[in-house]
Amino acid sequence: MDTTQLLKGVLDLAVLAVVADEDGYGYDVLRRLRAGGLTEVGDASVYGTLRRLYAAGALTSYVVPSDEGPHRKYYGITPAGRDQLERQVKDWRTFSDTVTDLLQGAAS
Amino acid sequence: MSESTTVHPEVAAFVAEVRARLLDLGEEQREDLLDGLEADLADQRADGADLGDPAAYAAELRAAAGLPEQPRRRTPPAWRAPRAEDVERLLDTARRQWFAELQRHPAGPRAWEVVAALRPAWWVARAWALVTWVDVWTGPWERVSVVPTLGVPLLGPALLAVAIAVSTLVGLGRLWPGSGPDRPLLPRVAVLVANVAALLALWSVATAGSAYLSSSPTPWAEQWSTTTADPPERGLHVDGRPVRNVFAYDADGRPLEGVQLFAADGRPLSVDPADAVHGPRRADRTVGCGWLNGTTRLFNVFPLGQRAQPDHLCTPDDPIDVPITAAQPPFAQVPPVTSPVTSPDPVPAEAVPVSPEPGSVPGPGAGRR
């Protein structure tokens with residue numbers, strides 16, 4: 001099944017969750033998402049989502065200079081971001097339960 | 001993490017490509033998006049992943065970041081020659097707007113009906129304008145005339161006829177069928193250009209001074225009319241001046257009377273009676289009186305008689321009692337001359353019998369010298 005459509009709906013949620021767990025830079029977040037099982041998520045999508053969430057105030061960012069390589073832009077979650085995460089988690093749970101029930105009804 | 005302090009060229013190129021596709025965004029926004037991209041891409045590459053297509057990357061980035069899609073032109077538009085579709089679209093739009101405007105005015109459609117009915121006249125006018133324009137620009141300068149001349153005789157009228165025929169065919173739709181949007185682009189533009197050129201030519205002719213316009217149908221007629229003098233004077237004239245009276249003398253130098261003069265073609269060399277008048281003042285005024293053929297006064301028989309009268313001319317039936325006297329000749333005698341004829345002439349043409357009857361009327365000068 002093509003999961004890109006599904007992903008688009010929950011990418012905000014997934015990214016927030018990952019960042020809430022631990023601050024990270026773009027590729028780091030991407031790696032964690034992929035490691036968590038969302039193998040098909042595009043890196044540009046992750047970066048774009050990070051940017052959007054930052055613009056919306058759900059994330060904060062800071063730069064960590066590095067002597068060995070290019071600087072990295074780290075993202076961290078804000079209190080507003082946490083609220084949004086909580087809300088979206090609840091919405092997701094409700095939604096997925098509803099869909100699951102629907103499907104069970106159809107399958108049976 | 002990356003061990004090198006320099007950016008790999010592949011990564012740098014990728015970032016540059018992505019940046020190029022984000023030029024429509026503000027600099028701050030763009031740099032925000034690109035910030036850290038280098039490092040992340042380096043990491044990706046270090047992991048062995050292919051960097052992918054920068055264009056797709058940029059598009060995905062925009063979508064995820066909630067930014068609008070890239071506008072069509074990726075780079076600031078450089079001027080390029082208008083394509084056929086552009087021109088057609090322009091023409092169609094102009095046409096549509098024109099008719100919309102027309103509908104807006106109350107008298108618009110009706111006025112347009114009249115104009116549309118005059119289209120055949122325009123076909124002729126534009127053909128004439130174009131041929132005349134060719135005429136003006138080729139060959140020596142000459143005035144604009146109704147029928148264009150092109151140096152070679154008959155070429156002007158022939159070309160005009162051909163041009164009118166072509167113009168009509170185009171207007172009717174036989175040549176280059178269709179009209180307006182139905183025509184293919186090239187003929188449409190060609191007709192449009194021709195119409196505009198014809199309009200300009202007509203306008204320039206209309207506003208040109210009368211010095212440029214010939215008043216006659218063709219320049220040949222004009223040339224003739226300008227060299228024609230005033231209407232020919234009536235009566236006998238010498239060097240442009242009217243003759244009042246003629247005095248004849250024979251070969252021996254003695255004055256002659258009753259000499260009837262005719263030109264070689266038989267025309268009588270008559271003095272205009274009005275020219276036979278002499279005298280600055282009414283009191284001194286005399287009129288010349290012609291010899292009589294019955295009751296008709298002839299003014300080609302000389303010398304003319306004279307009569308003093310304050311006005312009018314010497315007419316046969318006027319009841320004036322003043323006698324007609326002989327005119328005073330300028331010389332009593334002139335030197336004798338000899339004839340140039342060396343051999344006898346052939347018999348001349350028949351003479352017109354105009355001699356006055358002897359004794360019926362007292363001839364001028366008879367015994368009154």
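In which order do the strands of the open sheet of three strands in chain B stand? The order is β6-β10-β11, and the pairing is antiparallel.

This is a predicted model, so local features need pLDDT of at least 70, side-chain atom pairs count only at pLDDT 80 or more, and totals for chains, interfaces and linings use all residues. Residues are numbered from 1 along each chain as its sequence is written, chains are lettered from A and ligands numbered from 1 in the order in which they are written, and side-chain values use heavy atoms, with hydrogens and water left out.

## The sheet in chain B

Some terms come first. Helices (H or I, at least four residues) and strands (E, at least two) are DSSP runs, numbered from the N terminus. Two strands count as paired if DSSP finds at least two bridges between them. Strands of a sheet pair through backbone hydrogen bonds, either parallel or antiparallel.

Start with β6(B) and β10(B), the latter covering residues 305-308. Four bridges join these two strands, which run antiparallel. B:Thr286 stands opposite B:Ala308 of β10(B). B:Gly288 faces B:Gln306 in β10(B).

Next comes the link from β10(B) to β11(B). Two bridges hold this antiparallel pair. Here B:Gly305 stands opposite B:Ala326 in β11(B).

The side chains along β10(B) alternate. B:Gly305 and B:Arg307 point to one face and are buried. Buried means under 20% relative accessible area, exposed means over 50%, and partly exposed lies in between (1.4 Å probe, protein chains only).

## Salt bridges

A salt bridge is a side-chain nitrogen of Lys or Arg within 4 Å of a carboxyl oxygen of Asp or Glu. How many are found over all chains? The search of the whole structure finds eight.

| B:Glu101 | B:Arg104 | 2.6 Å |

B:Glu101 and B:Arg104 both lie in helix α5 (residues 84-104) of chain B. They are three residues apart, about one turn of the helix. B:Glu101 is partly exposed at 34% relative accessibility, while B:Arg104 is exposed at 57%.

B:Asp250, B:Asp252 and B:Arg254 are linked in a network of salt bridges. B:Asp250 is partly exposed, with 24% relative accessibility. B:Asp252 counts as partly exposed at 43%. B:Arg254 is partly exposed too, at 44%.

## The two chains

Now take each chain as a whole. Chain A has four helices and three strands. Read along the sequence, its pattern is α-β-α-α-β-β-α. Chain A has 108 residues, and 40% of them count as buried. Its accessible surface is about 6300 Å², with 55% belonging to carbon and sulfur atoms. Such areas come from the Shrake-Rupley method with a 1.4 Å probe; for residues, only the protein chains shown count as cover.

Chain B has 10 helices and 11 strands. Of its 369 residues, 28% are buried. The accessible surface of chain B comes to about 24900 Å², and 61% of that belongs to carbon and sulfur atoms.

Contacts (heavy atoms within 4.5 Å) tell how each chain folds back on itself in sequence terms. In chain A, 50% of the contacts with a separation of 6 or more join residues 24 or more positions apart. In chain B, among contacts between residues at least 6 apart in sequence, 60% join residues at least 24 apart.

## A patch on chain A

Which residues make the nonpolar surface patch of about 400 Å²? They are A:Trp92, A:Phe95, A:Val99 and A:Leu103. Patch residues have over 30% relative accessible area and no salt bridge; like charges are joined within 9 Å, and nonpolar side chains (Val, Leu, Ile, Met, Phe, Trp, Tyr) within 5 Å. A:Val99 lies in helix α4 (residues 79-107) of chain A. This A:Val99 is partly exposed, with a relative accessible area of 32%.

## Where the chains meet

The contact takes 23 residues from chain B and 20 residues from chain A. Together the chains bury about 1900 Å², 50% of it on carbon and sulfur atoms. Buried area is the accessible area (1.4 Å probe) that two parts lose on being put together, summed over both. Across this interface the rule finds zero salt bridges.
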